[in-house]
Structure formats: structure tokens, C-alpha cells
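I have one fold to go through this morning. Please have the sequence and the structure in view.

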Amino acid sequence: MFEQITAEEAKKIMNAGEEYFILDAREQDEFDAGHIPGAVLIPYTEIENKAVEMLPDKDKLILVYCRSGRRSKIAAEALSKLGYTNVKEFGGIIDWPYEVEK
């Protein structure tokens, strides 16, 4: 299973200096229009094909978001089913009050 957290909790994790991977589960055009700094794009439809290659450590903290929270939940669930043990889903970038880069 994955844990659902708030954008504020995700930002605290990012600021705490611990190691994490931030996954943007949207599509390329959405990512290009603006994403959270440091995020890596893996569209939710490609998680099963790309996760093992891009995320070899199944115990590493993975923070997952999308636009509104629907696709990130699907992506987080897929990661959990693939054996990832430290997945936290924090909703959509539309609710992200912090920095975004293009």
C-alpha cells in the first residue's frame, strides 16, 4: 500500500534533506508546462514498464503527484503492486502552493 500525504507534508520531506525520488505521473506536455523542481516524468500509463529501470531501489522514498490527484493514486497503487515499499502520494500540482519550474 501507499500513504497519502498533503502537499505540505511532501514539502517538509523535500526540505528535510532526506533522499527521495519525486515522480510526476502526468504526460509530457503537462510536465513541460510546469513541474515541481527535481521531478522525473513517468506517465502513470508507463509505470509498469519504466519503474524497475528508473527506480531500482524498491525501498527508496518515492513522492508521487499528477495534476489533480487521480493519476498519482493510480501510479502509487501500481508502484505498490510492483513491490515498492515507501510510496507517498500527495495529490495534484493544482494544489501545490510552492515553486514550479518549466
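In the protein chain, 70% of the contacts between residues at least 6 apart in sequence join residues at least 24 apart; a contact here means heavy atoms within 4.5 Å. This is a predicted model, in which local features need pLDDT of at least 70, side-chain atom pairs count only at pLDDT 80 or more, and totals for chains, interfaces and linings use all residues. Residues are numbered from 1 along each chain as its sequence is written, and side-chain values use heavy atoms, with hydrogens and water left out.

Now the fold. The protein chain has four helices and five strands, taken as DSSP runs numbered from the N terminus (helices H or I, at least four residues; strands E, at least two). Along the sequence the pattern reads β-α-β-α-β-α-β-α-β.

The five strands form an open sheet in the order 1-5-4-2-3, with parallel pairing; two strands pair if DSSP finds at least two bridges between them. Strand 1 (3-4) and strand 3 (40-41) are at the edges with a single partner strand each, so one side of each has no neighbour in the sheet. Helix 1 (residues 7-15) packs on the sheet, where it touches strand 2, strand 4 (62-66) and strand 5 (87-92).

Strand 2 (residues 21-24) runs parallel to strand 3, joined by two bridges. Asp24 has Leu41 of strand 3 as its bridge partner.

Last, burial. Of the 102 residues in the protein chain, 46% count as buried, meaning under 20% relative accessible area, with exposed over 50% and partly exposed in between (1.4 Å probe, protein chains only).

How values were computed: Axes are lines fitted to C-alpha atoms, for helices over the stretch in contact, and angles run from 0 to 180 degrees between N-to-C directions.
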